[in-house]
Amino acid sequence: MKLMPYVFPKMRRFGLSLLRHISSLPSASRTCCLHRRVFTGSYTSTITGHGFQQHRRHMSSSALRQHIQDLSGAEQRLLDKLYEGLIGGQRASLAESITLVETQHPRKKELAQVLLQRVLAYRREQESRNGGKPLAFRVGLSGPPGAGKSSFIEVVGKMLTGRGHKVSVLAVDPSSCTTGGSLMGDKTRMTELSRDMDAFIRPSPASGTLGGVTRTTNEAVVLCEGAGYDIVLVETVGVGQSEFAVADMVDMFVLLIPPAGGDELQGIKRGIIERADLVVVTKADGDLMGPARRIQAEYTSALKLLRRQSKSWNPKVVRASSHTNDGIPEVWAMLESYRDAMLASGELQGRRRGQQKVWMWSLIQDNALAHFQNHPSVRGALPQLEQRVTRGEISPGLAADLLLKAFTSSSPK
């Protein structure tokens, strides 16, 4: 769940009180807060300044070993089995590991963080042998319904596996607001790719997440890379202003646009176009070739009016057809050119470092909101304030102020 609009300006006001309150909790409770789950006991105490710099290099070793001591024999065997299978490239172990990071069970969340720390340490070692450059290329794909995202991914994926690449696809499917269920139809649409032993397709329900990117998608990307997949494709739900979330976890963001959809430039919001590194006009064949050329020209003109995001790359607009394969090799060549340019300039590495910070604060906000909502004073005052807001007696902003006051006044100073 995301923070509501009127809560965002208040974060700084109650942030310090929230952190102080968490610090006063017993170590067992404190371990589960703010995603510090891999650490235990005294190690969860606040580490800042020089102390943080001193401990940072040992987080993945000494802290991890300390936490592993608290694992039961069965838990240790499970993690060893998953880790060994994962780095060995076993698809079943990868699927089970992603299931573990997606769980809502508190203890399993802790186990997932231990596994992730081991995979991160393994990945850092592999990248250090590669001169500090990433081994995998992360590509985000988005587009309106009917743009042919699944068909495009299958054709590109089969071409890449044929060239010796290992391709993983993390596809986020819309969830029902009523039941929470999801069709998970991507595997049925990508029939050829799902049978390819060098490909891995993992559909995940959006579960109401804004932008269609689940809060664990970023961790699933890490697991796929640890399993040896050098191309990671993240397909997201639809196109909207919030959809830029996927751009904060990938190296390159590709926007897929169908050639016939009415007033195209009005239908796609400016924010998502600004984040696109490449726009692909799909279904460019047969009777749609004319409209595809027109849309390509319109988007090429539109991109010239937007501010450049990178000093090393100018966003481009290309045409492609998943039906005839026309333009597909050229699209991949464009992606490779982008990767090479960004690696040479160092922007790709810097982009990844910035993304990690963005996702850390995103997870902090998620956990801070959950802690705020479960606070006894807030839970006691919330029902009455909600009723007063719905009756129009007080404004939502005033209700938020009152709840924040109740939280901060009852938190330890």
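Predicted model: local features only at pLDDT ≥ 70, side-chain atom pairs only at ≥ 80, totals over all residues.
Hi everyone. A polar contact here is a pair of N or O atoms within 3.5 Å, where one must be able to donate a hydrogen and the other to accept it.

First, the overall picture. The protein chain has 413 residues, and 50% of them are buried. Its secondary structure comes to 18 helices and seven strands. If you take the contacts between residues at least 6 apart in sequence, 75% join residues at least 24 apart. As for the surface, the accessible area is about 20200 Å², with 54% of that belonging to carbon and sulfur atoms.

Just after H7 comes Gly131, with a positive phi of about 75°.

Now to our serine, Ser310. You'll find Ser310 in the loop between helix H14, residues 289-304, and strand E7, residues 316-319. So is Ser310 buried or exposed? With a relative accessible area of 9%, Ser310 counts as buried, because the cut-off is under 20%.

And what does Ser310 touch, leaving out residues up to four places away in sequence? The answer is Met342 and Glu347. With Glu347 there is a side-chain to side-chain polar contact of 2.9 Å. The side chain of Ser310 also has a polar atom 2.9 Å from the backbone nitrogen of Ser312. Finally, Leu348 is 38 residues from Ser310 along the chain, and their C-alpha atoms are separated by 9.9 Å.

Conventions
Residues numbered from 1 in each chain as written. Heavy atoms only, no water. Helix = DSSP H or I, 4+ residues; strand = E, 2+ residues; numbered from the N terminus. Buried < 20%, exposed > 50% of the residue type's maximum accessible area, 1.4 Å probe, protein only. Contact = heavy atoms within 4.5 Å. Areas by Shrake-Rupley, 256 points an atom, 1.4 Å probe, with all protein chains shown as cover.
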